[in-house]
Amino acid sequence: MNRFGIAFEPVLAWPWIMALAAGLAAVVLILGWQRIRGTGFRAVAGALLVLALANPVLQKEEREGLPSTVAIIVDESASQGLGERRGQTEAAVATLKERLAALGTYDVREVRAGDDPAGDGTKLFSELTRAVDDLPADQIGGAVFVTDGVVHDVPEDPAALGFTAPLHVLVTGEEGERDRRIVIERAPRFAILDEPQTIAFRVIDNALAPGTPVTVRLRIDGVEVAVDAVGVGETQTLDLPLTHAGKTIAEVEVEAAENELALENNVAVAEIDVVRERLRVLLVSGEPHAGERTWRDILKSDAAVDLVHFTILRPPEKQDGTPINELSLIAFPTRELFSEKIDEFDLIIFDRYQRRGVLPIMYYDNLARYVRDGGAVLVAAGPDYASPSSLYETPLGSILPAVPTGEMYEQPYHATLSATGARHPVTRDLPGSESDPPAWSRWFRIVEADVIAGEVAMEGPDGRPLLVLAREDKGRVATLLSDHAWLWARGFEGGGPHASLLRRLVHWLMKEPELEEEALTARAEGRTLIVERQTLADAAPTVQLTGPLGQTRQATMAEAKPGLWRTVVEEAPIGLHRAQDGDLTALAHVGPANPREFQDVISTTERLAPMAEATRGSVRRLASGGGISVPRVVSVSARAPAAGDGWIGFRRSEASVLKSVDRLPLMSGLLGLALLVGGFGALWYREGR
């Protein structure tokens, strides 16, 4: 393609040339006004002089035209997988590319737009912007979306596109689609255990009249807890029975409709972090000793613990007849603590306590019953446990896992983790436990005992049991057979992990979910699903994973730590995943709890129509008579209509790239000399006559 034009390369600066031209023009006008002969010749000579100074150049440009670029944005979001949409999409894209290639004047950029990683719906306009942001506006021939019309980033102003080329939309899906969905309008993000909580929701069905009853089910952590009939379009509430601390997943599911488009949005999910308001702990110290403050400091430093502490300073056998109103000591409220309010405590700790007549025998029965009903007792033993007045010699002994032999071992030793303790979450990974001997200070006393229940987590010299953890019916009990943990707290020989050990021990007794020795947990980190199985067994567990659409598979678990097995699923589908191992079940939701992509899945032409009309494009459905109808593709000029009956148009580019330039100065060389000589010679000839 050749283009011709004239350019000027002035000999003098333009202001001088313009001044000279103005002066010559004034002279010519004056001569003409006075009707002096030869004025025309003078005007021609002056014009030739000005033209010579302007130095015109004839240019011949060889240019290569640039093709227009058409962007095809293909919607591959999850809602496009419904019905026949995926097949319609691929057929339409293939036809479009074939017809554009046949025109031969367009470059095609195809972009596949999947689900937004943040779960914020389908974003096609942002993909379009990225596809053409390196092109000048006059090289953009247009764009076409192949989508179901459910797009969530439609700009309010068409100018935000950055170009004026036509935008066409080809909509997949069928007319008259039906879908039923459930929407959570209000759900707690955090909740306090044992406090009433509710979840508010609404059922939407475009095929049913408002108020039509449908069945809704409520599941907590995968277990169905309520079934109710609710009216379509009406906000309803259900009570949430929250029975444990930690993460809780509530599912509200509406029954499926006939010929429904999608079942994924029939379930709405709420993730709730449940916490205990306060963990009430009763600490009873039998006598003042060096380790008493260690227990108190650990419990008082825990913001979740509400501590009640009593130290028995004046047992009954030391009565000396002093009147009660003259004593400075507080009487031990035995009846209130161990009869009336015993069930209000989450944990009762006996620190070097022995039977000395302070508690009547019937209260030890209450303690045993308290544990079996779900309470927890920790016996931090010293010489008291080996004496004839040991707590084991009371009715409480029926639930204690370690039977004292009456002997004491009083020599230096290092506390060590047992084989079970290396896998137990209470003692696993204690700082310093990785070396042999452990990198913590020695203890100097241990109570000899025989273990009759539970698991030995820590051992003393020659494998003697040191820390025994056991379950009793619904409750838990632990026995620490040494009173020298305070040596770690005081930094003796470098100290040891007393805070980690005692805090984990206390929270295990109070049923902290993260410290369960047999537990299955699942969590999502972005699109990655992580499933962990905590077990004291040596063999690898078998965990079954169930995806959002019901697909199941057996997960291969790898040992991450002793007693902790893990499997990781990369790019897990968005939705609720279930992990199961025997009676253990864990749920995790990948992506947002209620993804925007599935809040409304009925295909539509309405959302994108204003933007298409603003750019002189068009919106039309692909489905036609059981198949699809892809419009013809034509090439149009920048100012011509871009859509019509059965066709869509894309703008031709007027842009080009310069390949070469040929230049011919008009007023230089022989031609310029001849013109000047001829002009002034004619003027001289005329003046000479």
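Is Asp 205 buried or exposed, and what is its relative accessible area?

## A buried aspartate

In this predicted model, Asp 205 is buried, with a relative accessible area of 5%, a value that falls under the 20% limit used for that class. Asp 205 belongs to strand β9, which covers residues 198–205, and its side chain makes a polar contact with the side chain of Arg 180 at 2.7 Å.

## Salt bridges across the chain

Side chains of opposite charge can pair when their charged atoms come close. In the model the count of salt bridges comes to 39, and three of these pairs are described here.

Lys 97 forms a salt bridge with Glu 110, and the closest N and O atoms of the two are 2.9 Å apart. Because Lys 97 lies in helix α3 (residues 85–103) and Glu 110 lies in strand β4 (residues 106–113), this pair ties together parts that are 13 residues apart in sequence. Lys 97 is partly exposed at 37% relative accessibility, and Glu 110 is likewise partly exposed, with a relative accessible area of 30%.

A salt bridge with an N to O distance of 2.9 Å also brings together the side chains of Arg 471 and Glu 516. This pair links distant parts of the chain, with Arg 471 in strand β23 and Glu 516 in the loop between α10 (498–509) and β25 (519–525), 45 residues apart. Arg 471 is partly exposed, with a relative accessible area of 43%, whereas Glu 516 is buried, with a relative accessible area of 16%.

## A strand-to-strand pair and a network

The side chains of Arg 566 and Glu 532 meet in a salt bridge at 2.7 Å, N to O. Here again distant parts of the chain are linked, since Arg 566 is placed in strand β30 (residues 564–569) and Glu 532 in strand β26 (residues 528–534), 34 residues apart. Arg 566 is partly exposed, with a relative accessible area of 29%, while Glu 532 is buried, with a relative accessible area of 12%.

Salt bridges that share partners also join Glu 76, Glu 90, Lys 97, Glu 110 and Arg 112 into one network.

## Surface patches

A nonpolar patch on the surface is formed by Ile 6, Phe 8, Trp 14, Met 18, Leu 51 and Leu 58, which together have about 570 Å² of accessible area. The elements that give two or more residues to this nonpolar patch are β1 (2–8) and α1 (14–33), and Met 18 is one of the patch residues that lies in helix α1.

## A loop glycine

Gly 463 is placed in the loop between β22 (455–459) and β23 (465–472). At 43% relative accessibility, Gly 463 counts as partly exposed. How far apart are Gly 463 and Leu 417 in sequence and in space? The two residues are 46 residues apart in sequence, and their C-alpha atoms are 9.8 Å apart in space.

Terms used: Residues are numbered from 1 along each chain as its sequence is written. This is a predicted model: local features need pLDDT of at least 70, side-chain atom pairs count only at pLDDT 80 or more; totals for chains, interfaces and linings use all residues. Side-chain values use heavy atoms; hydrogens and water are left out. Helices (H or I, at least four residues) and strands (E, at least two) are DSSP runs, numbered from the N terminus. Buried means under 20% relative accessible area, exposed over 50%, partly exposed in between (1.4 Å probe, protein chains only). A salt bridge is a side-chain nitrogen of Lys or Arg within 4 Å of a carboxyl oxygen of Asp or Glu. A polar contact is a pair of N or O atoms within 3.5 Å; within protein, one must be able to donate a hydrogen and the other to accept it, and residues adjacent in sequence count only if both atoms are side-chain atoms. Patches are made of residues with over 30% relative accessible area and no salt bridge: like charges are joined within 9 Å, nonpolar side chains (Val, Leu, Ile, Met, Phe, Trp, Tyr) within 5 Å. Accessible areas come from the Shrake-Rupley method with a 1.4 Å probe; for residues, only the protein chains shown count as cover.
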